[in-house]
Amino acid sequence: MTWPLAVVIVVMMVVVGKVMSSRYRAQAGIIEDKQGNQQWVGNGNDAETQAEVEKLRERIKVLERIATEGNSLDAAETKRISAEIEALRDKQAD
């Protein structure tokens, strides 16, 4: 094998790799602009994507409720009862 043939083979391998990479990205819905920045444009699974977004929104609502639960009336009542129990324990210790 001569060195010019080796160079041609290496260049062909790089080109094939680049084409395969671009094809894979296109199937995944990823495009690349002239500066090399990649953007996801979707792959046509709008119903599936919307279902996932709705699931995530529900999870966020639950997390928000858990995070703010300490400010509700039930939490205030629980704190009050807990304080009374602690006060009774302190009385019994005396």
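Predicted model: local features only at pLDDT ≥ 70, side-chain atom pairs only at ≥ 80, totals over all residues.

User: What makes a residue count as buried here?

Analyst: Its relative accessible area has to be under 20%. In the protein chain, 2% of the 94 residues are buried by that cut-off.

User: Which elements does the protein chain have, and in what order do they run?

Analyst: You get three helices and two strands, running α-β-β-α-α from the N terminus.

User: Why is the protein chain called more spread out than a compact globule?

Analyst: Set the value against the rule: for 94 residues the globule rule gives 12 Å, but the radius of gyration is 31 Å, well over that, so the protein chain is more spread out than a compact globule. As for its extent, the C-alpha trace spans about 100 × 35 × 20 Å along its principal axes.

User: Why is I9 called partly exposed?

Analyst: I9 has a relative accessible area of 35%. Buried means under 20% and exposed means over 50%, with partly exposed in between, so at 35% I9 is partly exposed. You'll find I9 in helix α1, residues 3-28.

User: Which residues form the nonpolar patch on the surface?

Analyst: M1, L5, V8, I9, M12 and M13, with about 650 Å² of accessible area together. Patch members need over 30% relative accessible area, so I9, at 35%, clears that cut-off.

User: How much of the accessible surface of the protein chain belongs to carbon and sulfur atoms?

Analyst: 60% of about 8,800 Å².

Key. Residues numbered from 1 in each chain as written. Heavy atoms only, no water. Helix = DSSP H or I, 4+ residues; strand = E, 2+ residues; numbered from the N terminus. Rg over C-alpha atoms; globule rule 2.2 N^0.38 Å. Buried < 20%, exposed > 50% of the residue type's maximum accessible area, 1.4 Å probe, protein only. Areas by Shrake-Rupley, 256 points an atom, 1.4 Å probe, with all protein chains shown as cover. Patch = residues over 30% accessible without salt bridge, like charges linked within 9 Å, V, L, I, M, F, W, Y side chains within 5 Å. Salt bridge = Lys/Arg side-chain N within 4 Å of Asp/Glu carboxyl O.
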